[in-house]
Amino acid sequence: MTELLTLSGVETHIGRYHILHGVAFGVPEGQTTMLLGRNGAGKTTTLRTIMGLWRASSGEIRLGEKRIEAMSTPDIARAGIGYVPETMAVFSDLTVKENLVLAARDGEMNQTRLDWIFGFFPPLRKFWLSRAGTLSGGQKQMLSFARSLIEERKLLLIDEPTKGLAPAIIGALIDCLKEVKRRGATILLVEQNFRVAQEIGDAVSVMDNGRVVHSGTMAALAADEALQHRLLGLSLDTHQ
Amino acid sequence: MSVTDTDVGAALPKMRADYLPLLLPVALALVALPFIPSGSTWVTLTIAGLAMGMMIFVMASGLTLIFGLMDVLNFGHGAFIAIGAYMAALVLVPLGGWMQADSVWLNLAAVIPAVALAVGVTGLLGLAFERIVIAPVYGQHLKQILITMGGMIVAEQILYVFFGPQQIPLPLPATLRGSFMIGEAAVEKYRVVCVVVGLVVFLAMLLVLNRTKIGLLIRAGVENTEMVEALGYRITRLFVGVFMAGSALAGLGGVMWGLYREQVNAAMGGELLVLVFIVVIIGGLGSVTGCFIGAILVALATNYIGFLLPKLALVTDILLMVAVLLWRPRGLYPVTSR
């Protein structure tokens with residue numbers, strides 16, 4: 001399987017703190033790769049380093065054949081990477097429509113694609129002209145997702161999308177991710193909910209203390225409770 | 001599975017339209033009315049206050065965007081006000097004959113190039129200032145204060161070198177001299193022009209911010225610059241553009257103020273800077289509407305208090321700022337959470 005994104009020996013410092021220690025893993029093209037690990041393992045830092053929001057102090061990040069670790073964040077985004085941050089980061093002073101207009105950066109929004117997104121997230125149609133700041137947490141997450149989907153992206157980086165959301169909304173997000181994957185997108189997803197990871201993940205990398213300590217298939221990890229316990233500190237039952 | 005409306009709590013909480021700050025200038029004017037001996041004096045003071053408010057708004061609007069979007073404390077903003085006024089003087093002094101002619105067209109033929117030069121030069125200097133002075137200190141507030149304050153002192157001294165320490169007279173065009181009479185109230189023509197220019201600038205800014213993609217980017221950038229970059233937009237270009245526009249507006253404000261005072265001097269930028277900062281803080285960082293209301297409030301309060309209690313006029317701005325911040329600690333219409 002060709003890898004769309006490859007990290008090798010990535011080190012990241014934030015101020016005086018050394019957060020990532022030689023992170024290395026690959027994200028196979030057309031697959032959903034889960035990035036798992038305890039809190040503070042370095043998952044969010046890894047995504048932010050890929051996006052160029054924090055600079056890698058050394059190491060190599062490749063999108064296809066292209067090295068991107070020294071590129072600016074806008075150039076990385078324009079290379080085809082969509083980013084859904086943990087904080088959702090919707091523009092609360094802007095309406096739902098205006099948030100999506102900005103996300104469709106190279107022109108008008110494609111109506112067919114918009115209808116496809118509305119199919120997963122009907123509240124976005126309903127609150128089309130409402131300010132994003134007035135949306136509920138779940139609706140903001142839908143908007144954050146929609147923003148990354150409004151145009152085709154080669155790779156989606158998604159950071160803990162299900163955190164604090166109601167089960168019905170998590171279900172819709174999972175359906176959406178499955179459909180996006182079916183359409184050929186590659187996804188790197190940080191997730192704490194093992195059930196969700198198990199349902200949509202093809203590959204998995206597990207991080208601990210700023211290092212990748214395990215890479216393999218999601219199915220193999222899901223089948224090995226002892227490995228889960230060793231890597232994640234919890235059994236599958238307690239993740240549910 | 002898709003999410004139904006009920007899954008997410010169908011209705012949004014109704015957004016309460018916040019009209020209260022908009023009513024403040026009206027309330028202030030009405031409160032002042034019974035204390036002022038005659039209606040005509042009240043009208044004169046009110047229109048003079050509105051005109052002064054519009055001039056302050058034009059000068060401060062650029063600073064609030066720079067503050068809100070770029071998180072830059074630009075104490076050099078006053079320099080652009082003074083430079084704008086001097087650039088106008090460069091054109092208007094030699095064209096004094098046209099300015100004094102009793103012809104609208106000759107007056108315009110002098111004023112339009114003067115405004116164009118002031119706006120153009122301050123815009124370009126804004127570009128240079130952002131690239132050379134501001135860019136190295138993004139995110140470092142203490143250094144920003146020091147370096148922009150230093151920049152203003154240097155600019156002021158350069159103006160002294162080129163134009164000398166004396167005040168330069170900047171007479172009003174002949175057709176803008178004198179007053180209209182509304183009943184018994186005398187309303188200076190130039191003040192009406194200032195109100196119109198201020199309203200045009202305000203409406204243009206609202207139009208750009210709300211109806212164009214650049215405006216959306218600025219509003220989004222004020223909230224979260226990082227996410228704007230993650231969507232693929234080069235925020236640095238936006239910063240440069242906003243800084244240029246903000247500096248050019250300061251230049252325009254300088255021309256308006258210079259003509260209002262009928263003289264320019266190198267220290268005028270520094271003198272106005274405190275007032276401009278007070279307006280930006282009262283309005284709420286990054287808010288153009290807040291800045292507009294704040295400027296009118298400050299100017300009206302200064303005029304009314306100056307007339308009724310002249311000794312108190314010196315501290316009116318500060319007292320008003322304290323009152324507003326006690327009521328709304330982040331200003332009238334805060335945009336950024338910084």
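Modeller: Start with pairing: two strands pair if DSSP finds at least two bridges between them. Keep in mind that this is a predicted model.

Biologist: What makes β7(A) and β8(A) a pair?

Modeller: 5 bridges join β7(A) to β8(A). The cut-off is at least two bridges, so the two strands pair. They run parallel. One position to look at is Leu155(A), which stands opposite Thr186(A) in β8(A).

Biologist: How do you know that β6(A) pairs with β7(A)?

Modeller: By the bridge count again. β6(A) and β7(A), the latter covering residues 155-159, are joined by 4 bridges. At least two are needed, so this is a pair. The two strands run parallel. Tyr83(A) stands opposite Leu157(A). Gly82(A) has Leu156(A) as its bridge partner in β7(A).

Biologist: Which sheet do these strands belong to, and in what order do they come?

Modeller: An open sheet of 6 strands in chain A, ordered β6-β7-β8-β3-β9-β10. Its pairing is mixed. Neighbouring strands are turned by 15° against each other on average, direction ignored.

Biologist: Why are β6 and β10 of chain A said to stand at the edges?

Modeller: Because β6 (81-84) and β10 (211-217) of chain A each have a single partner strand. One side of each is therefore left without a neighbour in the sheet.

Biologist: What lies across the sheet strands β3, β6, β7, β8 and β9 of chain A?

Modeller: Helix α1 of chain A, residues 43-51. It runs at about 145° to β7(A).

Biologist: Why is β7(A) called mostly covered?

Modeller: Count its residues: 5 of 5 are buried. A residue is buried if 20 or more other C-beta atoms lie within 10 Å of its own. Both faces of β7(A) are covered. Leu155(A), Leu157(A) and Asp159(A) are buried on one side, Leu156(A) and Ile158(A) on the other.

Biologist: What about chain A as a whole: what makes its radius of gyration agree with a compact globule?

Modeller: For 240 residues, a compact globule would have a radius near 18 Å. Chain A has 17 Å, so the two agree. Its C-alpha trace spans about 45 × 40 × 35 Å along the principal axes. Buried residues make up 47% of the chain. Chain A holds 11 helices and 10 strands.

Biologist: How is chain A divided into domains?

Modeller: The domain assignment gives domain 1 as 3-80 + 154-239 and domain 2 as 89-152. Their C-alpha centres lie 24 Å apart.

Biologist: How do you know that the two domains of chain A touch?

Modeller: Contact requires C-beta atoms within 7 Å. 11 residues of domain 1 are in contact with 8 residues of domain 2. On the domain 1 side, helix α7 (residues 167-182) of chain A gives the most, with 6 residues. That side divides into 9 nonpolar, 1 polar and 1 charged.

Biologist: And what makes up the contact between chain A and chain B?

Modeller: 37 residues from chain A and 26 residues from chain B. Elements giving two or more residues on the chain A side include α2 (73-78), α3 (96-103) and α6 (137-149). α7(A) gives the most here, with 5 residues. The chain A side divides into 21 nonpolar, 9 polar and 7 charged.

Biologist: Why is His77(B) called buried?

Modeller: Because 31 other C-beta atoms lie within 10 Å, and the cut-off is 20 or more. His77(B) lies in helix α3 (residues 77-92) of chain B.

Biologist: Which residues does His77(B) touch, leaving out those up to four places away in sequence?

Modeller: Leu63(B), Ala250(B), Leu273(B) and Val276(B). As for Ala60(B), 17 residues apart from His77(B) along the chain, the C-alpha atoms are separated by 8.8 Å.

How values were computed: Residues numbered from 1 in each chain as written. Chains lettered and ligands numbered in written order. Predicted model: local features only at pLDDT ≥ 70, side-chain atom pairs only at ≥ 80, totals over all residues. Domains from an automatic or database assignment. Nonpolar A, V, L, I, M, F, W, Y, C, P; charged D, E, K, R; others polar. Rg over C-alpha atoms; globule rule 2.2 N^0.38 Å. Buried ≥ 20, exposed ≤ 12 C-beta atoms within 10 Å, placed from the backbone. Axes fitted to C-alpha atoms, helices over the stretch in contact; angles between N-to-C directions.
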